[in-house]
Amino acid sequence: MLGRLILAAVVLSGHCSEGSLEDHGEIVGGNDAEKHSWPSQIFLLVDLGGGLQHQCGGTLVKPNWVLTAAHCVNRNSDLTVVAGDHNINQWEGTEQYLRVDRIFRHPNWNGDVNDGNDIALLRLSQSAVLNNYVQLGSLPPAGQILPNNYLCYIIGWGRTKINGPGASVLQQALLPVVSYSTCSTSAYWGSKVKDTMVCAGGDGKGDGCKGDSGGPLNCRVNGKYYVHGVLSYGSLPCNYWKPSVFTRVSAYISWMNNIISSN
């Protein structure tokens, strides 16, 4: 019953995300993901006092831990994680609704995506049940940096058009990694990009958009997908020709391990 009530609230409230300097949402230039092909993907529902709203994406990294962007959880709001979903406007029977018990933002996060450290861990009040629809995402080795043009997937339920509605069905788009040396040039993001970030896209084919924040950049390395990025910011309107910017997960492995092991 809880799941059905939450679903109804999402349908009525639409798809919103808490404002960041440069927000992302739905995948632009992507396509429908195969049903339950990304079982570690979750989305956040937030109660801002006017009903439940779609907030951001994220990744289940432990049965009771979720990885997302710090700007998605700037407020100490009542948050619910939804795992095992595909079409967020339909009740499919595979969904799990998990309350967030505690939020851990990176200690150097200052509220400005341009200054980096846009990463957070959410401890859940109960563990997700792992099955064919809900699985854990894998973290990359500490410090690993993928080469320029390495192809990775961005995933989310954000907008497919800047003025359009959010996606009902999970979207995916294949984006090439853009090296730090290229992404930090004046043609792209300049000094806004830090070496603890990873850029992807800018090839005119796909992009993140409003509502996709906090979601993963999933990259296949040696036959296995790893979460190499957490979507932080991008241009508005959603721009095929400018890369999306992600928090580089491999720069924060030690912090993540410490938070999880001590809490």
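Which two cysteines form a disulfide with their sulfur atoms 2.0 Å apart? The views below begin with that pair. The model is predicted, with local features requiring pLDDT of at least 70 and side-chain atom pairs counting only at pLDDT 80 or more, while totals for chains, interfaces and linings use all residues. Residues are numbered from 1 along each chain as its sequence is written, and side-chain values use heavy atoms, with hydrogens and water left out.

**View 1. The disulfide of C183 and C199.** C183 and C199 are the pair whose sulfur atoms lie 2.0 Å apart, a disulfide being a pair of cysteine sulfur atoms within 2.5 Å. The torsion about the S-S bond is about -85°, so the link is left-handed. The pair links distant parts of the chain, with C183 in helix α2 (residues 180–183) and C199 in strand β10 (residues 197–201), 16 residues apart; helices (H or I, at least four residues) and strands (E, at least two) are DSSP runs, numbered from the N terminus. Both cysteines are buried, where buried means under 20% relative accessible area, exposed over 50% and partly exposed in between (1.4 Å probe, protein chains only).

**View 2. The disulfide of C152 and C219.** The sulfur atoms of C152 and C219 are 2.1 Å apart, and with 110° about the S-S bond this link is right-handed. C152 belongs to strand β8 (residues 151–156) and C219 to strand β11 (residues 216–221), 67 residues apart. C152 counts as buried at 1% relative accessibility, and C219 is buried at 0%.

**View 3. The disulfide of C56 and C72.** Here the S to S distance is 2.1 Å, and the link is left-handed, with -85° about the S-S bond. C56 sits in strand β3 (residues 52–62), whereas C72 sits in the loop between β4 (65–68) and β5 (78–83). C56 is buried at 0% relative accessibility, as is C72 with a relative accessible area of 1%.

**View 4. The salt bridge of E92 and K35.** The side chains meet at 3.7 Å, N to O, a salt bridge being a side-chain nitrogen of Lys or Arg within 4 Å of a carboxyl oxygen of Asp or Glu. E92 lies in the loop between β5 and β6 (96–105) and K35 in the loop between β1 (31–32) and β2 (41–47), so the pair ties together parts 57 residues apart in sequence.

**View 5. The salt bridge of D101 and R123.** The N to O distance is 2.6 Å, and the pair links strand β6, which holds D101, to strand β7 (residues 120–124), which holds R123. D101 is partly exposed at 45%, whereas R123 counts as buried at 19% relative accessibility.
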